[in-house]
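Please take a look at the model below before reading on. The walk-through that follows goes step by step.

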Amino acid sequence: MSPVPILIWSHFKNEQHASPFDDYVAQGKLREIWEGDVTQHDIEEAPAAIITMHIDQNRAVNWLPWFSKLLDRGGRIAINGHVIRPYLEGVGTYIPAEKVGKSGLLLTVLGEHPIFEGIDRVACGVRKGVAGFYGRGHNQMPSGAVALTGVGPAKAPLDWIWQRPAGGEIFSHAGNDIWNISADEPINRRLTNNLVNWVNNAQSAS
Amino acid sequence: MSSTLAALQPGAYYHFETLEAPRYRDLFDKLIIPEDVNETTLAGIDKLYIPSRTHPKRLSAVLPHLFRFMEQGGTIIAMGETFQDKWLPNVTFHPVETNYWWWLEPHANLGVTIEKPDHPLLKGMSDLDVTWHLHGWYEPADGAQTLVTDRDNRSIFYIDETSYNGRLVITSLDPCYHHGSHFMPATTRFLDKFLPNLRNW
């Protein structure tokens with residue numbers, strides 16, 4: 001059986017709530033691994049990885065060379081949350097957006113990407129009239145990365161995509177886990193589906 | 001002289017922001033990665049702060065050391081969303097559906113009340129400093145002292161000084177993730193007062 005993309009999760013998942021990824025795991029499109037169980041083999045052999053915002057970055061920083069191998073083979077990695085200890089080569093640390101009143105955290109579409117197909121990002125940026133749940137800053141982009149979603153008047157790159165010169169792609173979303181950013185469940189499901197499709201379309205050499 | 005305070009460092013970005021950013025880092029004598037908890041790393045520590053969203057599996061794995069720490073007189077402060085009932089005996093927790101948006105309603109009042117305003121852990125704090133949202137309530141252990149209650153007078157913060165030689169502080173308040181994500185100012189107000197109080201307790 002060929003390896004499938006992995007979802008590395010970290011936090012305690014309340015048994016009362018199903019994971020948004022359950023169906024994809026059942027369909028063989030994704031394998032979930034708790035961070036404490038991750039091995040070098042899991043990462044290096046996976047065609048792609050999704051990483052929760054709750055990841056233990058003291059742990060993940062030790063996986064950096066393994067992630068690089070995944071990417072070198074043409075794999076894809078999607079990260080969520082604020083990078084404090086850079087655990088992917090080239091990805092910089094998080095910078096919070098300047099607080100400039102209510103409009104300070106509004107979103108601007110800067111580029112299209114399959115992960116956002118069918119999604120109104122500007123609408124996602126406001127939940128019950130309050131901006132900020134989607135994200136409030138950015139992880140610093142490597143040279144050559146392309147901004148997809150900006151936050152605040154400065155349009156800081158909250159979402160970006162980077163095609164690594166050495167191979168592979170990194171998608172960074174410096175906010176709450178992207179599969180849970182909307183109050184509207186169909187939007188969350190669409191984003192989840194888009195994300196799972198994106199990692200499953202990685203052109204990874206075996 | 002204040003006693004020594006250590007914190008577990010589970011490593012999520014909001015733990016870094018709470019434990020290692022300049023705002024609070026000097027309040028902690030030591031940060032310990034959960035898997036490194038043992039008799040040696042806990043030596044000389046009086047109080048151990050377990051921040052919100054430390055996974056129960058990581059705590060269960062080192063539970064004998066945590067018990068020994070409390071039996072030797074140490075204090076453990078287990079914050080909300082560490083799911084204390086999953087790793088500690090004698091903790092009965094009743095989760096509630098969290099309403100994150102209660103404050104948008106007219107004349108909103110979550111109904112959280114400080115019952116022991118003179119307790120050193122809550123010195124200088126008002127009801128607003130413990131009010132952001134609720135995750136659930138406890139049936140406190142026999143003899144435990146409730147410090148904060150919800151609207152229905154149920155305990156959301158108590159101190160158990162009878163089950164162990166030391167002290168066990170249990171709360172469903174979960175400031176760490178929200179403070180560390182740069183939102184919910186009430187959680188920052190809470191930590192601004194609670195952490196120095198804890199340091200001096």
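In chain B the mean pLDDT is 94. There, 99% of the residues reach 70 or more. Where pLDDT is low, predicted coordinates should not be read in detail.

Start with chain B as a whole. Its secondary structure consists of six helices and 10 strands. The radius of gyration is 16 Å, close to the 17 Å that the globule rule gives for 201 residues, so chain B is as compact as a globular protein of that length. Along the principal axes, the C-alpha atoms of chain B fill a box of roughly 55 × 40 × 35 Å. Of the 201 residues in chain B, 43% are buried. Now take the contacts in chain B between residues at least 6 apart in sequence. Of these, 67% join residues at least 24 apart.

Next comes the contact between the chains. Chain B contributes 15 residues and chain A contributes 18 residues. On the side of chain B that touches chain A, helices α1 (13-19) and α2 (56-60) of chain B each supply at least two residues. By type, the residues on that side of chain B are 10 nonpolar, three polar and two charged.

Turn to chain A and its sheet. Eight strands form an open sheet in chain A, in the order β2-β1-β3-β4-β12-β11-β10-β6, with mixed pairing. The edge strands are β2 (31-34) and β6 (107-109) of chain A, each of which pairs on one side only. Direction ignored, neighbouring strands of this sheet are turned by 20 degrees against each other on average. Strands of a sheet pair through backbone hydrogen bonds, either parallel or antiparallel. Which way do β1 and β2 of chain A run? They run parallel, and four bridges join β1 (residues 6-9) of chain A to β2(A). One end of a bridge is A:Ile6, whose partner in β2(A) is A:Arg31.

Helix α6 (residues 185-200) of chain A lies across β3 (48-51) and β4 (76-80) of chain A. Relative to β4(A), helix α6 of chain A runs at about 145 degrees.

Phi of A:Lys155 is near 55 degrees, a positive value in a residue other than glycine. Is A:Lys155 buried or partly exposed? It is partly exposed, because 17 other C-beta atoms lie within 10 Å.

In chain B, B:Glu81 sits in the loop between β4 (75-78) and α4. Phi of B:Glu81 is also positive, near 65 degrees, and this residue is not glycine either. B:Glu81 is buried, because 22 other C-beta atoms lie within 10 Å, and the cut-off for buried is 20 or more.

B:Asn90 counts as partly exposed because it has 16 C-beta neighbours inside 10 Å. Leaving out residues up to four places away in sequence, B:Asn90 touches B:Ala141 and B:Ser163. B:Pro196 is 106 residues from B:Asn90 along the chain, and 28 Å separates their C-alpha atoms.

Notes: Residues are numbered from 1 along each chain as its sequence is written. Chains are lettered from A and ligands numbered from 1 in the order in which they are written. This is a predicted model: local features need pLDDT of at least 70, side-chain atom pairs count only at pLDDT 80 or more; totals for chains, interfaces and linings use all residues. A residue is buried if 20 or more other C-beta atoms lie within 10 Å of its own, exposed if 12 or fewer, and partly exposed in between; C-beta atoms are placed from the backbone. Two residues are in contact if their C-beta atoms, placed from the backbone, lie within 7 Å. The radius of gyration is taken over C-alpha atoms; the globule rule is 2.2 Å times the number of residues to the power 0.38. Ala, Val, Leu, Ile, Met, Phe, Trp, Tyr, Cys and Pro count as nonpolar, Asp, Glu, Lys and Arg as charged, and the others, Gly among them, as polar. pLDDT is the predictor's confidence in each residue, from 0 to 100. Two strands pair if DSSP finds at least two bridges between them. Axes are lines fitted to C-alpha atoms, for helices over the stretch in contact, and angles run from 0 to 180 degrees between N-to-C directions.
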